[in-house]
Amino acid sequence: MISRKLSLLAIVTLFCMIFIEITQSVPYSGSVAYCDFPDPPEDVPVGRITFANFGSTRDYGTRVYGQFNQGFKKDANINNYEFVAETREGKINYTKEFRKSIKISSVGGTAPFQIDYKGDFTIVNKIVGGKFNIIHKGVKVVSGEIKHV
Ligand SMILES: *[C@@H]1O[C@H](CO)[C@@H](O)[C@H](O)[C@H]1NC(C)=O
């Protein structure tokens, strides 16, 4: 009798574990922020950067992606630009990854770019309400507000 109860318990436990497994591998969604660089009067970067959580419990992170239509014509050397978020908790420097991922086109825009910060789900919450700055040779050329979608 006891062993029957135990095996029933084992089966129930097994189903619970399968259920938890299924529900937890559903991709996370909802946490998305973006930063617009709207049309300015001069040739400064215009475009959008989006920050979105992706993945499941085992493989997750924050995907940062975007594109610029213009703004990099005067100096097409990406290594002269810095990409820095100003948040409540201080500065987050994205320069290294942005330089690696951004290709400037002949008209001074960029191809779409995408950077995955694997294992980090905190980026969206950290940066919302902050500003994203693009700096050229030490001078801030554009600053956008980072907002929740
Ligand atoms: C950001 O990182 C780049 C490259 O690693 C560095 O050259 C730059 O000084 C840093 N900028 C800030 C504001 O921390």
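**Strands and a ligand shell**

Q: How do β3 and strand β6 pair, and over how many bridges?
A: β3 and strand β6 (residues 113-118) pair in the antiparallel sense over 6 bridges. Pairing here needs at least two bridges found by DSSP between the strands. A strand is a DSSP run of E, at least two residues, and a helix is a run of H or I, at least four; both are numbered from the N terminus.

Q: What kind of model is this?
A: This is a predicted model: local features need pLDDT of at least 70, side-chain atom pairs count only at pLDDT 80 or more, and totals for chains, interfaces and linings use all residues. Residues are numbered from 1 along each chain as its sequence is written, and side-chain values use heavy atoms, with hydrogens and water left out.

Q: Which residue in β6 is the bridge partner of tyrosine 65?
A: Glutamine 114.

Q: What joins β2 to β3?
A: A hairpin, through 4 residues. Strand β2 (residues 46-55) and strand β3 (residues 60-70) pair in the antiparallel sense over 10 bridges. Asparagine 53 has threonine 62 in β3 as its bridge partner.

Q: New topic. Which residues are around the ligand?
A: Glu82, Val84, Asn93, Thr95 and Arg99.

Q: What distance separates glutamate 82 from a nitrogen atom of the ligand?
A: An N or O atom in the glutamate 82 side chain is 2.9 Å from that nitrogen.

Q: And asparagine 93?
A: A polar side-chain atom of asparagine 93 lies 2.4 Å from an oxygen atom of the ligand.

Q: Which elements give two or more residues to the shell?
A: β4 (81-87) and α2 (95-101).

Note on methods. A residue is near a molecule or strand if one of its heavy atoms lies within 4 Å of it. A polar contact is a pair of N or O atoms within 3.5 Å; within protein, one must be able to donate a hydrogen and the other to accept it, and residues adjacent in sequence count only if both atoms are side-chain atoms.
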